[in-house]
Amino acid sequence: MAVSTLWFPLLLAAATAGPVTALWPWPQYIQTSDQRYALWPKNFDFQYHAGSAAQPGCSVLDQAFQRYRHLFFHTVSDSLTGRTEKQYKAEKNTLTVSVATPGCHQLPSLESVENYTLTINDEQCFLLSETVWGALRGLETFSQLIWRSADGTFFINKTDILDFPRFPHRGLLLDTSRHYLPLSRILDTLDVMAYNKFNVFHWHLVDDPSFPYDSVTFPELARKGSYNPATHIYTVQDVKEVIEYARLRGIRVVPEFDTPGHTLSWGAGVPGLLTPCYSGSEPSGTFGPVNPILNSTYEFMSTFFLEISSAFPDFYLHLGGDEVDFSCWKSNPDVQAFMKKKGFGDDFKQLESFYIQMLLNIVSAYGKGYMVWQEVFDNKVKVQPDTIIQVWREEAPVTYLKELELITQAGFRALLSAPWYLNRITYGPDWKEVYMVEPLAFDGSPEQKALVIGGEACMWGEYVDSTNLVPRLWPRAGAVAERLWSNSRVTDLEFAFTRLTNFRCELLRRGVQAQPLSVGYCEQEFEET
C-alpha cells in the first residue's frame, strides 16, 4: 500500500514543475522542486564513483558519457559570458556514476536489470544503478532533466528519481525486406530507441520480396534473392556493427528468419527448398512455402541456422511461423503422399506442425531460445515450455487480449504487438490509441500476467523506406515505449500530450525528424544537417 499512497503526490508534484514536462517515458517515482542548479558546458564532466564496479575503460559508459555530453550541450556557443556565470551560485559540474555489478563488456539480455536512482540536491549529483544498462537509462533521464533559460544558461532542478521498467522486453521491429533500409538509418533508429528506453531491436531481415542478409555459408541467397547484391545487402561486418552499436546503447538484436511461409526470396538461392505448386497434374511453375517433406530441407536449415546462431549472439532467435498458405502444399502430389504416409489426413496444420517442430529441434540443439508468431500456438504446434509467443492479430481467431489469456493459461511467455502496428496510419493524433493500450487487461491470474514479458512496436515496410521511416516512427513509437516502461497508472492523456510534445521538440533538437503531434512550434525547429 505504501507504493500506491506515494504515487499520486509524486506524480502531481512533478507534473506541476515545468522543466520535467519533457520526461519520456515517465519514471516510476519522481520528486522534484523549483530549486535549480546551473550547468556550465565548459566545466561539466562525468566521473565514476570510487566504489563503482565500472571504472574508466568501461566501453559502455565511457562512450555514453561522450554521447550525452554532446546531447546536453551541442547547441551551445563556445563561451558563456563571465557575467552570466556569476549570476548563479548553485552549480552542478559533475555527475557521479556508480554501478554495483561488473559487466561492461557483456551483451544485454532479457534478464538484464535496468533499475537506477538519480539524486540531484545540494549535496550530490549522483546516478546509482545495479548494472551498466541501468546507468544508460539513468543518463537518458538526466539528459531530459536539463533545460535552458532565455539567456542561454543550462539548468537542472533538484530531483529524486527511483526508476525501473515495468516490462523487460520493450522492442521495435523494422522490416528490411520489403524495402531495404541503409545501415546508417538502422543505426540512427537505435539512437532514438535509446532515447525512448526501448531495449530490443527485432530485425525482420528477410521476407518474400528480398533476402538482403549476406550469408557466408550460402552466398547465393543474397546474390539471387536481394534487390541488388552490390548495394542492397547486409554483410557480416554490417551485422557486427549493428550488434555492437546496439549493445553500447543497452539494446539487444533479435533477428527474424521467418519460415516456412514468407520465403519466396529464398528460392532462387537454394534450389529445391520451396514447394513446387501444381495446376492439376502438372507443376504450375510457381512455388509455395518451404518444402517440409524433404530431408534436404532440414539439412539446409541445420547448416543455415548454425551460421545465424553464431552471427547473432543474443540467446533468442525469432523463427516466424505466421501466415502459412496451405494451397500450394495441397496441390502437390508428393506432399499429399507424405501426408497420407504420416497419417495427417487433410489437416495441413499437422504438416506445418511437423516442419516447425523439426526446426525448433535444430535451433534448440544450438543452445538458442526462440520466439514465434502466434499461429504456431494457435495451430497447436508442440513447442518448448520457454518459447515466447508474439501476438500480432487484433481480432482473429480471437481478440488479442483473449489470445494473451490463452497463451499465458498454457504457461507460455507472451509479447504483445497487435495494437502497435505503426505502419498503419490515420489522419490525426493516432498515438493516443497506441498509448491507451493496457497489455494486462485480460482475465487471468497474477501468475499469468507475469508471463507477459512486454511488447513491440512494429514498422512493416510495404510503404516505408528511408524517406519516411523516421517521421512515421517518432514520436508515435514513444507512446509504446512509455506504456512498456512506466507504471500502469500513467494514463493521463493531457499530461502525456504535454510531455510527448516537449519530448518531440527535444528529438528535433537532437536532429531527429519526428513528426508533430498537433498544431504548434518548437523553439528549435528541425534543420537538415
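The buried residues are R476, A477, G478, A479, V480, A481, E482, R483, L484 and W485. Helices here are DSSP runs of H or I with at least four residues, strands are runs of E with at least two, and both are numbered from the N terminus.

The peptide bond joining W474 and P475 is cis, with omega about 5°.

## What you are looking at

This is a predicted model, in which local features need pLDDT of at least 70 and side-chain atom pairs count only at pLDDT 80 or more, while totals for chains, interfaces and linings use all residues. Residues are numbered from 1 along each chain as its sequence is written, and side-chain values use heavy atoms, with hydrogens and water left out.

## The chain as a whole

The chain holds 18 helices and 17 strands. Its radius of gyration is 25 Å, close to the 24 Å that the globule rule gives for 529 residues, so the chain is as compact as a globular protein of that length. That radius is taken over C-alpha atoms, and the rule is 2.2 Å times the number of residues to the power 0.38. Along the principal axes, the C-alpha atoms fill a box of roughly 90 × 50 × 50 Å.

Of the 529 residues, 58% are buried. Among contacts with a separation of 6 or more, 74% are between residues 24 or more positions apart; a contact means heavy atoms within 4.5 Å. The accessible surface comes to about 21700 Å², and carbon and sulfur atoms own 53% of it; the areas come from the Shrake-Rupley method with a 1.4 Å probe, and for residues only the protein chains shown count as cover.

On the charge side, there are 44 positive and 61 negative side chains, and the centres of the two sets lie 3 Å apart. Lys and Arg count as positive and Asp and Glu as negative, leaving out His and the chain ends; each charge is placed at NZ of Lys, CZ of Arg, CG of Asp or CD of Glu.

Helix α2 (residues 59-73) has 15 residues, which at 1.5 Å a residue should span 21 Å, and its end C-alpha atoms are 22 Å apart, which agrees. The expected span is 1.5 Å times one less than the number of residues. In α2, the buried residues are S59, V60, L61, A64, F65, Y68, L71, F72 and F73. An α-helix has 3.6 residues a turn, so residues three or four places apart point the same way.

V132 lies in helix α4 (residues 132-145) and is buried, with a relative accessible area of 2%. Setting aside neighbours within four places in sequence, V132 touches A54, C58, V60, L61, V99, G103 and C104. V132 and L248 are 116 residues apart in sequence, yet their C-alpha atoms are 9.7 Å apart in space.

## Around Q374 and P397

Q374 belongs to the loop between β14 (369-373) and α12 (375-378). Its relative accessible area is 0%, so Q374 is buried. Apart from neighbours within four places in sequence, Q374 is in contact with I389, Q390, V391, W392, R393, A396, P397 and E403.

Two of those partners, A396 and P397, are joined by a cis peptide bond, with omega near 0°. P397 itself is in the loop between β15 (388-391) and α13 (400-409).

Most residues other than glycine have a negative phi, and most peptide bonds are trans. K197 has a positive phi of about 65° although it is not a glycine, and K380 has a positive phi of about 60°. K197 is in the loop between α5 (183-195) and β9 (200-204), and at 1% relative accessibility it counts as buried. K380 is in the loop between α12 and β15, and is exposed at 69%.

Finally, T286 is found in strand β12 (residues 282-290). At 44% relative accessibility, T286 counts as partly exposed. Beyond neighbours within four places in sequence, T286 is in contact with T275, P276 and C277.

Conventions:
Buried < 20%, exposed > 50% of the residue type's maximum accessible area, 1.4 Å probe, protein only.
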